[in-house]
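Here is a walk through a predicted model.

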Amino acid sequence: MAAPTPGTTHAGDPLVLGIETSCDETGVALVRGDTLLVDAVASSMDEHARYGGIIPEVASRAHLEAMVPTIRRALGEADVDLSEVDAIAVTAGPGLVGPLTIGASAAKALSIGLGKPLYGVNHVIGHAAVNQLVDGPFSGRTMALVVSGGHSSLLMIDDVATDVTELGSTLDDAAGEAFDKVGRLLGLPYPGGPHVDRLAREGDPEAIRFPRGLTAAKFQAKHADDFSFSGLKTAVARWIEACVDAGREVPLADVAASFAAAVADVLTAKTIAACRRHDVDTLVIGGGFSANSQLRELAASRCAEAGIELHIPPIRYCTDNGAMIAALGSAVVRAGVAPSDLDVPVDSSMPMATITV
């Protein structure tokens, strides 16, 4: 369990139980106000590694087995009785349908059994909301870059509970997805992201000039805030093929470093340009890929140059977890948003305009 994080709590703040099952982590957390009481996670990543990717059926079964033990562990570590919970928040999307259904079913059962309101919330927005457990409530308009295995989304947040606008997203491969695919090209274990990141630290990020997708002038009118990494992934594959065909040894570290530099360059350049266009001086970066070292370093450098205040949660809050869902649930409850119906559906492609279902 991650150590509880200090936050802002006021008398009467609801105790929110958050459940996250969008992919392969079963996350359960308890949040009161902006204070995290406990964050318990059970991961099935090792079960997917041998397949080289997430198998939805395997993930669903793992969630089913882990759900009750993880809820019990969270309650025990927080020394909280289930009857003390005031509301239940659960990921309703986006994500894998099978895993989402397991989490939603558990949340609905708890809602019925406890007689407490249920809130189906947006997983991607949760990745931004979790920063409130670290740095407190967002003050004014905030830009959020959420980057993970399946998402590269640029969000403008006026109120995380009621007013979020998606400015742009990935048109093909997300940043984390591209890292996993390039990791496979380099012969690295799954998931490729962390392995590519470690290897990149040993290489020269300027050794190879890989393309920067959707950054040319001709794309700015229509895709200024969108991302595309499929072409970059293909360019890496072609470069490796040419190297092998020429009988040369592939400089793995240099390829990893140059590829990672291209991704970080595009993400940070487009995001800071969006901050300037919309006159936003606070940026939050979240999602699993925000753990990437080159992205963190380049974002810190460029934000400092641009006078933008940067917030990136600790790495333990970057990957999928219950804390992000409980944090968003807490914000939604305090904002007076109406609860979800008990027949709330899950949505694998939930739009960013939907904060709660």
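Take α2, residues 56–78, and α3, residues 97–114. They pack at an angle of about 25°. Therefore α2 and α3 are roughly parallel to each other. Their axes lie 8 Å apart. The crossing of α2 past α3 is right-handed.

Which residues in α2 and α3 meet? On the α2 side they are P56, A59, S60, H63, L64, M67 and I71. On the α3 side they are G98, P99, I102, G103, A106 and L110. By class, this contact of α2 with α3 has nine nonpolar residues, four polar and no charged.

Now turn to the cores. In soluble globular proteins, nonpolar side chains tend to be buried together. The largest nonpolar core in this model holds 43 residues. Within this core, F229, F259, V263 and L267 touch the most other members. The largest share, 13 residues, comes from α10.

Look at F229 in detail. Leaving aside residues up to four places away in sequence, F229 touches S152, D172, D173, A174, A175, A178, V263, V266 and L267. V263 and L267 are also among the core members with the most contacts to other members.

Methods: Residues are numbered from 1 along each chain as its sequence is written. This is a predicted model: local features need pLDDT of at least 70, side-chain atom pairs count only at pLDDT 80 or more; totals for chains, interfaces and linings use all residues. Side-chain values use heavy atoms; hydrogens and water are left out. A nonpolar core is a set of buried Ala, Val, Leu, Ile, Met, Phe, Trp, Tyr and Cys residues joined through side-chain atoms within 4.5 Å. Buried means under 20% relative accessible area, exposed over 50%, partly exposed in between (1.4 Å probe, protein chains only). Helices (H or I, at least four residues) and strands (E, at least two) are DSSP runs, numbered from the N terminus. Contact means heavy atoms within 4.5 Å. Axes are lines fitted to C-alpha atoms, for helices over the stretch in contact, and angles run from 0 to 180 degrees between N-to-C directions. Angles under 35 degrees count as roughly parallel, over 145 as roughly antiparallel, 65 to 115 as roughly perpendicular and the rest as oblique. A crossing is left-handed if the near helix is turned anticlockwise from the far one by less than a right angle, and right-handed if clockwise. Ala, Val, Leu, Ile, Met, Phe, Trp, Tyr, Cys and Pro count as nonpolar, Asp, Glu, Lys and Arg as charged, and the others, Gly among them, as polar.
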